[in-house]
Amino acid sequence: MKTIQQIGISILFISFAISAVAQEPSQAPAQGHLLVKTVVQKEEVIVDANGEEKVQLVDAKTVIPGDEVIYTVTFQNISDTPAENVVITNPIAADLEYVDGSAFGPGSDIVFSVDGGTVFAAAGELSVADAGVVRPAEAKDFTHIRWQMQNEIPAGSQGVARFRARLQ
Amino acid sequence: MKRLTHMASWFARLVASATVVLLSQHAFAAGTDAGTTISNQAQVDYAVGGNAQTFILSDPAGNSIPGGASGALPTEFLVDNRVDFTLVESGLAGHTPVTPGQNGEYVQFTLQNTGNATQDFRLVPSNLLAAFGPVNALTDTEVDMSALQVYVDNDANGLDTGVDQAFVDELAEDGAVDIYIVANADVTLVNGDIANVNLQAIVADPGAAGLGTDTVDDFGSADTAGIDVVFAEGGALGDGILDAQDGFIVSSAALSITKTATLISDPFNGALNPKAIPGAVVEYVITVANSGAEVAENIVITDTLSADVTPADPIEIDNNGAASTCTQSDADADNCEITGVALSIGSDAAIDVDPATTLTITFQVTID
């Protein structure tokens, strides 16, 4: 009886281990070319064993108005051919406000939209009509962010795109 | 469809920004409602071998199936409850005047829910001591109002003690409500007394009719996937409790009474160095000075004379320059009467003494 229980536990453990390891490429269906994942996190200050404060990213579970959250989009080429002209487009939810200058993506050109994703341009080149007066667009006006990868993503490689937004 | 949604949200933003200009004082209130789910889904477009491929949507656990029907889920989080509110004195600026013995006077406060969820609030009124320090620049004189009661103007029609509840029920985001502390001024209070009071508001859970239980702060405990509560009143980490102060100032008449006796004459010396011998005339002057802030009404002065003197008429009354006379020797109703040896003035018609004025009664007696 005891032996069976132990076996049961160890089987369970193994199956967990497999799913953890296999979380990325092999668990996803083989179709498609890129595995795309978005996580939302927030910063939390912790005090480590040496008494030093460290900022770590934790799952965004407690978020109140005024808090900043961090979205991280990862895209991995799970095929055996390069992916070209990779463009990641991310809408900014209506209750969120993009944090100026926070968009980050190695090897990418980052452009923004203020019209719901129709026209994209660099942050300084956009303008909006505010109560009939045209003014330069600000971070709070952005509705979408787009990362345009400068180079192809080789087979097996992964890219990342990240931005911060503040909950209104 | 998605495009339409974006357009709508963009339009909403435009409207919102226009509104902010008009109502800038509310710009930071409330925020996104607690319980709102914030969704995000990235789209990746790409090409292979020069041929554009069908886009792939993101998923919290990863998705590689192209197209909009891939079953990929948006990445979501739930907006938690930021408890935030303000409590300030409102209504009459400064202290509320009361007179000793007056019941049902009130001080007013306003509570505004600047958090992002509907809340109840438990209310606790209390008397303050001088040690608290000044309120409206007035320090408590260590006297208390009695029978403190709280009423909340939930129906926004002013104080209505028959209807108003003693707690704040279901105050929506951005909502504000007036709160009254109603109290009685004991008759023992004197002019110039200051009775400061404190109103404490404790955030409570909304929901069913009636006052909910005190809200519990989830700060420091493990984040949950549900709606957590963070006390953040005034924008800083808080305790879900706010206090505000106001006070009552006792406004009353303050009377001081003096009586002087001056020998006027005697039968032998006349007016020159008279002596208090039988037949001598003595002038009594009674002054009633009101140094308070209110009119002293219905003053009746009763002077019990010695059985060895006989009062003379007329009795002169000077009330702040308004002179009159009356007689005690007859039974008319001219405000001066004598009953036995008790001379009373003011028993027939009201004598009122205004603040900062003096009533002077002058009469003479003869020593028997």
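## Exercises on chains A and B

A:Asp141 has a relative accessible area of 5%, so this residue is buried; buried means under 20% relative accessible area, exposed means over 50%, and partly exposed lies in between (1.4 Å probe, protein chains only). The model is predicted, so local features need pLDDT of at least 70 and side-chain atom pairs count only at pLDDT 80 or more, while totals for chains, interfaces and linings use all residues. Residues are numbered from 1 along each chain as its sequence is written, chains are lettered from A and ligands numbered from 1 in the order in which they are written, and side-chain values use heavy atoms, leaving out hydrogens and water.

**Exercise 1. Describe the salt bridge between A:Glu43 and A:Arg164.**

Step 1. The closest N and O atoms of this pair are 2.3 Å apart.

Step 2. Locate the partners: A:Glu43 is in strand E1 (residues 34-47) and A:Arg164 in strand E10 (residues 158-167) of chain A, so the pair links parts of the chain 121 residues apart. Strands (E, at least two residues) and helices (H or I, at least four) are DSSP runs, numbered from the N terminus.

Step 3. Both residues are partly exposed: A:Glu43 at 39% relative accessibility and A:Arg164 at 23%.

**Exercise 2. Describe the interface of chain B and chain A.**

Step 1. Count the contacts, meaning heavy atoms within 4.5 Å. Here 51 residues of chain B are in contact with 56 residues of chain A.

Step 2. Look at the area. About 4,100 Å² is buried between the two chains, and carbon and sulfur atoms give 56% of it. Buried area is the accessible area (1.4 Å probe) that two parts lose on being put together, summed over both.

Step 3. Apply the salt-bridge rule across this interface: it finds zero.

Step 4. Look for strand pairing, which requires at least two DSSP bridges between two strands. Strand E4 (residues 84-91) of chain A and E2 of chain B run antiparallel, joined by four bridges. One partner pair is A:Glu84 and B:Ala47.

**Exercise 3. Which residues does B:Asn63 touch, and is B:Asn63 buried or exposed?**

Step 1. B:Asn63 sits in the loop between E4 and E5 of chain B.

Step 2. Its relative accessible area is 5%, so B:Asn63 is buried.

Step 3. Leaving aside neighbours within four places in sequence, B:Asn63 is in contact with A:Leu34, A:Leu35, A:Val36, B:Ile56, B:Leu57, B:Ser58, B:Ser70 and B:Ala72.

**Exercise 4. Why is strand E14 of chain B described as largely enclosed?**

Step 1. Ten of the eleven residues of E14 (residues 194-204) are buried, so this strand is largely enclosed by the rest of the structure.

Conventions
Salt bridge = Lys/Arg side-chain N within 4 Å of Asp/Glu carboxyl O.
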